Amino acid sequence: MSLHPSLQSYADAWTHSVEAISELVTPLAEGEWSRATPCPGWSVRDIVSHVIGMDCEMLGDPRPIHTLPRDLYHVKTEAQRYTEVQVDVRRHHTAPEMVSELEYTIIRRSRQLRNESREPGTVVRGPRAAEETLEFALRRRAFDIWVHEQDLRAALGRPGNLDSPGALVVRDMLLAVLPKTVAKDAGAPANSAVVFDVHGPVEFLRTVRVDADGRGTIDGAPSLGPAATLALDWETYVRLACGRVTPEAVADRLKIEGDADLASAILHAMVVTH
């Protein structure tokens with residue numbers, strides 16, 4: 001038995017990103033591990049700690065018993081507290097310790113994925129004991145690790161892999177939530193349409209249509225009279241959706257046509273990571 005075909009793309013995306021992360025951080029000097037990243041409150045070391053910690057949880061390892069300090073300003077919710085434990089417990093690890101644990105975790109997780117024979121719909125235990133399907137767990141893992149690869153690349157001045165397998169997983173997951181973002185979160189009016197024109201290494205043109213009942217759908221057909229059109233590059237789209245920048249900070253990279261207030265509401269509502 002081997003990995004189900006519908007799960008292979010997620011395993012491939014995880015592998016591509018985690019190997020890229022390993023290549024990025026292995027040669028770093030001790031001081032470079034403390035560089036700030038676009039991920040609020042996290043250094044290079046913290047992101048690598050998060051990658052290690054989440055994959056250890058996917059492996060079924062017990063969580064560390066660790067009390068967080070009270071002065072972590074970026075930790076505001078229970079979900080963030082849960083995530084921060086795996087990070088804070090490694091904050092004093094040296095560069096060689098970090099690289100060694102990352103390499104060992106990659107070996108163990110790669111072996112687990114090679115031997116994974118369960119069906120995509122199998123219910124597994126996710127973060128904070130939530131039950132989710134194996135397919136969802138692997139898809140979210142591929143999303144998470146590609147976004148953090150980009151965080152590290154930004155911190156280290158090593159851009160790349162904006163169109164890698166992980167990027168395509170991220171694209172599909174971000175597109176899936178756009179109808180809710182536009183129709184419900186941003187409150188686009190009934191019987192309206194909003195066009196997203198994204199260019200760059202990953203490009204797409206999508207129209208979100210809001211029906212008479214206020215429900216949103218998405219398709220690839222252009223709209224003749226959209227309420228708003230948002231044109232931006234792929235990297236900026238990802239950074240906005242993942243809460244790495246505010247719309248105001250990247251205003252020069254956005255081209256807005258139509259209802260400016262609606263466009264602003266969408267840009268502020270499209271953050272999917274908290």
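Is strand β6 (residues 228-233) largely enclosed by the rest of the structure, or how many of its 6 residues are buried? Here 6 of the 6 are buried, so β6 is largely enclosed by the rest of the structure. Buried stands for under 20% relative accessible area, with exposed over 50% and partly exposed in between, using a 1.4 Å probe and protein chains only. Both faces are covered: A228, L230 and L232 are buried on one side, and T229, A231 and D233 on the other.

A word on what you are looking at: this is a predicted model, in which local features need pLDDT of at least 70 and side-chain atom pairs count only at pLDDT 80 or more, while totals for chains, interfaces and linings use all residues. Residues are numbered from 1 along each chain as its sequence is written, and side-chain values use heavy atoms, leaving out hydrogens and water.

## The sheet

Let's follow the strands next. An open sheet of 5 strands runs in the order β5-β4-β3-β6-β7, with mixed pairing. At the edges stand β5 (216-219) and β7, each with a single partner strand, so one side of each has no neighbour in the sheet. From one strand to the next, the twist averages 15°. Strands (E, at least two residues) and helices (H or I, at least four) are DSSP runs numbered from the N terminus, and two strands pair if DSSP finds at least two bridges between them.

On one side, β6 pairs with strand β3 (residues 192-199) in the parallel sense over 6 bridges, with T229 as the bridge partner of V195. With strand β7 (residues 254-258), β6 pairs in the antiparallel sense over 5 bridges, and A231 stands opposite K255.

## Helices on the sheet

Helix α6 (residues 165-185) lies across β3, β4 (204-210) and β5, at about 30° to β4. Helix α7 (residues 234-241) packs on the sheet too, touching β3, β4, β6 and β7, and its direction makes about 105° with that of β6. Contact means heavy atoms within 4.5 Å; axes are lines fitted to C-alpha atoms, for helices over the stretch in contact, and angles run from 0 to 180 degrees between N-to-C directions.

## A helix pair

Helices α2 (residues 44-58) and α3 (residues 78-88) pack at about 110°, with axes 8 Å apart.
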